[in-house]
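Happy to go through this one with you.

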Amino acid sequence: MKLSARVRFRWLAVMLVLGMAGTAAATDSAIDRLKSGGVLLLRHANAPGFGDPAGFRIDDCSTQRNLSEEGRQQATAIGAGLRARGISRARVYSSQWCRCLETAELLGIGQVSPLPALNSFFQRPEDRTSNLNALRGFLSDQALQNEPLVLVTHQVTVTALSGVFPDSGEGVVATLVENGELGDFARLNFDD
């Protein structure tokens, strides 16, 4: 059966509205879980490039791939989005990479503490297991907390823990299950 242009347009409009409603509902659900002691795994904001340059040093931002102006605006907007959804304070931890620390600071929702377990292992795959074990140990100590926990890190860490490949500035909300394990993952894109 062939549909008229008007019917196809109405059908498309209904599908778009339903899709947006579903996205908004998913975002609200993820935010509710975060408010009640959930964990936000946040990939750092936009930092153009890939990996880190030769000569990278963790204590020298000039040797690293850093946030662009767009990335700084994105990080600030993410913080504003969290505050608009009722998250004005959180425990914030960050990878020691400058692009993560700057993202975490620009969120403006809490004092930022560097956490080496959140560091990237993209160019150092030999660090993967030790980083993830240290992070699970850290998370197992967080289970008694009842406020949002925001972990600003890298794509490889978010993907290793959640199975989600996030875009720059995209997050995954999770629930602490037990022994530092996370579950019940939900993507959180602040462009919604």
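Q: What makes a lining residue nonpolar, charged or polar here?
A: Ala, Val, Leu, Ile, Met, Phe, Trp, Tyr, Cys and Pro count as nonpolar, Asp, Glu, Lys and Arg as charged, and the others, Gly among them, as polar. In this predicted model, the lining of the largest pocket divides into 8 nonpolar, 9 polar and 5 charged residues.

Q: Why are residues 1–23 a stretch to treat with care?
A: On a confidence scale from 0 to 100, pLDDT stays under 50 there, and the model has 2 contacts beyond four places in sequence for these residues. Where pLDDT is low, the predicted coordinates should not be read in detail.

Q: How confident is the predictor over the chain, by pLDDT?
A: The average is 86, and 84% of the residues score at least 70.

Q: What share of the chain is called buried?
A: Buried means under 20% relative accessible area, and 46% of the 192 residues count as such. Of the accessible surface, about 10,000 Å², carbon and sulfur atoms hold 54%.

Q: What pattern do the helices and strands follow along the sequence?
A: The 5 helices and 6 strands run α-β-α-β-α-β-α-β-α-β-β. Among contacts between residues at least 6 apart in sequence, 63% join residues at least 24 apart.

Technical notes: Residues are numbered from 1 along each chain as its sequence is written. This is a predicted model: local features need pLDDT of at least 70, side-chain atom pairs count only at pLDDT 80 or more; totals for chains, interfaces and linings use all residues. Side-chain values use heavy atoms; hydrogens and water are left out. Helices (H or I, at least four residues) and strands (E, at least two) are DSSP runs, numbered from the N terminus. Buried means under 20% relative accessible area, exposed over 50%, partly exposed in between (1.4 Å probe, protein chains only). Contact means heavy atoms within 4.5 Å. Accessible areas come from the Shrake-Rupley method with a 1.4 Å probe; for residues, only the protein chains shown count as cover.
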